[in-house]
Amino acid sequence: MRTLIRDVRVFDGERSIGRADVVIEGELIAAAGAGAGDQADVEIGGAGRTLLPGLIDAHTHVFDGSLAQALRHGVTTELDMFCLPEILAEQRLLAAGNDDVADLRSAGTLATAPGGHPTQLLAALAGTVLDGAPAIDFVSDPAQAPAFVRARLAEGADYLKIVIDDGRVHGADLPAMTPDVATALTEAAHDAGLRVVAHAISAAEVGIALDAGADGLAHVWTDLAPGDPASRRLAERVRAQGVFVVTTLAYFEAITARHVETADRARPGSSAGAAGALRDLHRAGVPLLAGTDATPFAPAHGAGLHRELELLTEAGLSPEEALAAATSLPARHFGLDDRGRIAPGLRADLVLVEGDPTRDITATGAIVDVWRRGVRQTRQ
Ligand SMILES: [Zn+2]
């Protein structure tokens, strides 16, 4: 089966390459370039449209239904940042065997201190999306780090997620991972060939994650006022260490709205703080990966990533930089060599939209067609 998308504007994951013909053959992109297409079984007109690599959300939490919902919005790969082992096994099978859901990579069970974040949230989910409050492995001593990492490998983790969060930014007081445990986990993960992504949402916690040698941050920090020179210095340090940052502005927007609604002033400035950190990271030249922290609540899987792209452009990224943050950059920083760009030989994970999102980012929402591993999705 050969599909030709004729004379379409192409954003290749890094930049616009102008108008081209793109050919899909089986699971792969067979050709992309001017005059690349000749005969095909299916031909789709590209006039007025833009073809993008399938979107990658670099921070989600997958439950039943999440991966199907994501794909409907053009998100062809989700990078899950904490999934319970039973759910992960089920969702991984689903993603491997079906082309009507997004593909999945996951951290599996995250590492946190006994009773630490997000166990308070897990307890709250019991009876809604979870049957009961699940028991998870904890790490309280550096000596436990190698065994913890082995257990994650056994459950199929693709990277390790560590949580450094004393709850202060949420207006709580929670046991937090100590710096020596963060360092031991990072070393054990690196020895096992896993990347380490750290959840840290205050500047001090980010400092601990950087000291530990984490490869990426799962969020921007939120506790420094926009324009605070400490934020700029921290961004420079992130850049110097070659660490990537997953943005999750849509998450901070969602929780800020929730706190305003309930008149809970625990996080008065988290959304503004997050946007300020994002600006400093962007100015410093840190690789930014678009992520939403999507859950069954808010932000939503799929739709949340389009909102994230809008927020990134409002925080100073060009539309092309925002699109790269949701395509080539997460692929590169998570070692997904087979996707994230439009080039011959790569997986045909593609999104066709009306208009030109490299000028107006909201055009990513005007989806005409989605392909996952070469399979065209039926649009409603
Ligand atoms: Zn998360």
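**Close-up views of a predicted model**

**View 1. A bridge pair in a parallel sheet.** Let's start with D80, whose bridge partner in β8 is S106. This is a predicted model, as are all the views below. D80 belongs to β7, the strand of residues 75-80, which is joined to β8 by 4 bridges, with the two strands running parallel. What holds paired strands together? In general, strands of a sheet pair through backbone hydrogen bonds.

View 2. Look for L160 standing opposite V196 of β10. To get from β9 to β10, the chain goes through helix α5 (residues 179-191), and this β-α-β crossover is right-handed. Now check the side chains of β9: L160 and I162 point one way, while K161 and V163 point the other way, and all are buried.

View 3. Which residues coordinate the zinc ion? They are H59 and H61, each through NE2, and D293 through OD, at 2.1 to 2.2 Å. Written along the sequence, the spacing of these donors is H-x1-H-x231-D. H61 sits in the loop between β6 (55-60) and α1 (66-72), and D293 in the loop between β13 (288-289) and α10 (303-314), so the pair ties together parts of the chain that are 232 residues apart in sequence. Both count as buried: H61 has a relative accessible area of 11%, and D293 has one of 7%.

**View 4. H219 and the residues around it.** Find H219 in the loop between β11 (216-217) and α7 (229-240). Is H219 buried or exposed? It's buried, because its relative accessible area is 1%, under the 20% cut-off. Its side chain makes polar contacts with two others: the side chain of H199, at 3.4 Å, and the side chain of T248, at 2.9 Å. Beyond its neighbours within four places in sequence, H219 touches a whole list of residues, including H59, D293, V246 and Y251.

View 5. T248 isn't a glycine, yet its phi is positive, near 50°. You'll spot T248 in the loop between β12 (244-246) and α8 (249-261), and with 0% relative accessibility it counts as buried. D7 isn't a glycine either, and has a positive phi of about 50°. D7, though, is in strand β1 (residues 2-11) and, at 39% relative accessibility, counts as partly exposed.

View 6. D228 is in the loop between β11 and α7 and is partly exposed, at 26% relative accessible area. A polar atom of the D228 side chain lies 2.8 Å from the backbone nitrogen of A230. Next come the cis bonds: one runs from H117 to P118, with omega near 5°, and P118 is in the loop between β8 and α3 (119-125). Another joins A298 and P299, where omega is about -5°, and P299 is in the loop between β13 and α10.

Methods. Residues are numbered from 1 along each chain as its sequence is written. This is a predicted model: local features need pLDDT of at least 70, side-chain atom pairs count only at pLDDT 80 or more; totals for chains, interfaces and linings use all residues. Side-chain values use heavy atoms; hydrogens and water are left out. Buried means under 20% relative accessible area, exposed over 50%, partly exposed in between (1.4 Å probe, protein chains only). A polar contact is a pair of N or O atoms within 3.5 Å; within protein, one must be able to donate a hydrogen and the other to accept it, and residues adjacent in sequence count only if both atoms are side-chain atoms. Contact means heavy atoms within 4.5 Å. Donors are N, O and S atoms within 2.8 Å of the metal (3.2 Å for Na, K and Ca); water is not among the atoms, so sites may look incomplete. Two strands pair if DSSP finds at least two bridges between them. A crossover is right-handed if, with the strands pointing away from the viewer, the path from the first strand over the helix to the second runs clockwise.
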